[in-house]
Amino acid sequence: MSQVVKTFASDNYAGVHPEIMDALGRANTGHASSYGADHYTAEATALFKKLFGQQTEVFFVYNGTGANVLALSASSKTFSSVICAESAHIYVDESTAPEKFSGCRLIPVSSSNGKITPEAVLSKVQRIGDQHHPQAAVVSISQPTEYGTLYTVEEIRELANTAHQHGMVLHMDGARISNAAVSLNAEFKTFTIDAGVDVLSFGGTKNGMMFGEAILIFNTGLAKDLQFLRKQGMQLHSKMRFIAAQFTALLSNDLWRRSALQANKMAVRLSGKLSKISGFTLTQKTEVNGIFAVVPPSVIPEIQKHSFFYIWNEKTSEIRLMCSWDTSEADVDSFVEVVSNALQNH
Ligand SMILES: Cc1ncc(COP(=O)(O)O)c(C=O)c1O
């Protein structure tokens, strides 16, 4: 039997929450219509509409890359550009899928904390109307960002206003949106549709689902072709009930909140304790479930022997630690001890 080891590598390393497993088991009864024409899909869709408003269009997909690519495809034309942070998942961690499937040019803006500003966006809105140049169509932000930081509601509203004033739409990559919601202590609606977001990739996998994400379209004009794009993009699940049933479980009984809260709380505990150790220097505020810090390169292999994590930036020896819905206080405390010993002996 393999040893049960919990790491701080990624919230994708965590397993499936038992309540999600139960929901999958319950959905695994008899036959149900395929491709989303089943009552499980109707139920999950209704829950999303209750949270975000009845006009919201809901499309379930397999993964986060698929959600982002389809959200961008629906919001742009093949000669468009998408403005995003240089650390954006769509720019650095989705290979060339966004470009291949949407046809768009991704235009990165530099940022030290994963957030972009209206000024930075405007600096890339260039040569509009010039047939030789990509036409800016989308601003894409991640909430939380890939650096575990958060936009305030006001910052999102300003980005949305900037985008709209220039005929662009605002896409939000919410792969960890539940972690953002608990940290902001805000309803999902407040920092998405009410702040001017047009299209949202709503994450489920990192918050305890086995697989599945949802594309939520608030600017309903963008939904027109989504069902065709989803099929063309190979993201239409025939047994859709198994994505939908997971979302129903996640959105019921506050499971999304309990799971994200646990991950965030453990990250705060971990960064609080680690930041007191000499040689461990936080590089970002711990606002959700990720911790970013610089440590001496020589101690990294020793700490990784206890619990694997990723080196975020080899050049600066910056590491990333992620907590998950299943991270416990004991996991945190034993990791802190390992780091403390490694740095003392260094
Ligand atoms: C910010 C962000 N967006 C999207 C994703 C989704 O990626 P995947 O296609 O692996 O589900 C991730 C996963 O790491 C992510 O961190």
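The model you are looking at is a predicted one. Glu-119 belongs to helix α6, which covers residues 118-123. If you look from Glu-119 towards Ile-141, you go 22 residues along the sequence, and the two C-alpha atoms are 14 Å apart in space.

Now step back to take in the whole chain. It is divided into domain 1, residues 31-251, and domain 2, residues 255-344. Taken over C-alpha atoms, the centres of the two domains are 28 Å apart. Where they meet, domain 1 contributes 17 residues and domain 2 contributes 17 residues. On the side of domain 1 that touches domain 2, the elements giving two or more residues are α8 and α10 (241-251). Of these, α8 gives the most, with five residues.

Next, find the open sheet of seven strands. Reading across it, the order is β1-β7-β6-β5-β4-β2-β3, and the pairing is mixed. The edges are held by β1 (57-61) and β3 (105-109); each has a single partner strand, so one side of each has no neighbour in the sheet. From one strand to the next, the twist averages 20°. Further in, β4 (residues 135-142) and β5 (residues 169-174) run in the parallel sense and pair over five bridges. Along this pair, Val-139 stands opposite Leu-170 in β5.

Helices pack on this sheet. Helix α2, residues 39-52, touches β1 and β7 (213-217), and its direction makes about 130° with that of β1. Helix α3, residues 64-74, lies across β1, β2 (80-85), β4, β5, β6 (199-203) and β7, and runs at about 175° to β6. How much of α3 is buried? Eleven of its eleven residues are, so the helix is largely enclosed by the rest of the structure. Among these buried residues are Gly-64, Asn-68, Leu-70 and Ala-74.

Leu-70 also takes us to the largest nonpolar core, which has 103 residues. Together with Val-139, Val-197, Val-199, Ala-214, Ile-215 and Leu-216, Leu-70 touches the most other members. Both domain 1 (31-251) and domain 2 (255-344) give residues to this core, so it lies between them. In soluble globular proteins, nonpolar side chains tend to be buried together. For a close view, pick Val-199: leaving aside residues up to four places away in sequence, its contacts include Ala-71, Ala-74, Val-169, His-171, Ile-215 and Phe-218.

Helix α8 (residues 177-184) packs against helix α11 (residues 255-274) at an angle of about 80°, with their axes 8 Å apart. The two helices are therefore roughly perpendicular to each other. In this meeting, Ser-178, Asn-179, Val-182 and Ser-183 of α8 face residues of α11 that include Trp-256, Arg-257, Ala-260 and Asn-264.

β10 pairs with β11 (residues 318-322) in the antiparallel sense over three bridges, and Asn-313 has Glu-318 in β11 as its bridge partner.

How values were computed. Residues are numbered from 1 along each chain as its sequence is written. This is a predicted model: local features need pLDDT of at least 70, side-chain atom pairs count only at pLDDT 80 or more; totals for chains, interfaces and linings use all residues. A nonpolar core is a set of buried Ala, Val, Leu, Ile, Met, Phe, Trp, Tyr and Cys residues joined through C-beta atoms within 7 Å. A residue is buried if 20 or more other C-beta atoms lie within 10 Å of its own, exposed if 12 or fewer, and partly exposed in between; C-beta atoms are placed from the backbone. Domain bounds come from an automatic or database domain assignment. Two residues are in contact if their C-beta atoms, placed from the backbone, lie within 7 Å. Two strands pair if DSSP finds at least two bridges between them. Helices (H or I, at least four residues) and strands (E, at least two) are DSSP runs, numbered from the N terminus. Axes are lines fitted to C-alpha atoms, for helices over the stretch in contact, and angles run from 0 to 180 degrees between N-to-C directions. Angles under 35 degrees count as roughly parallel, over 145 as roughly antiparallel, 65 to 115 as roughly perpendicular and the rest as oblique.
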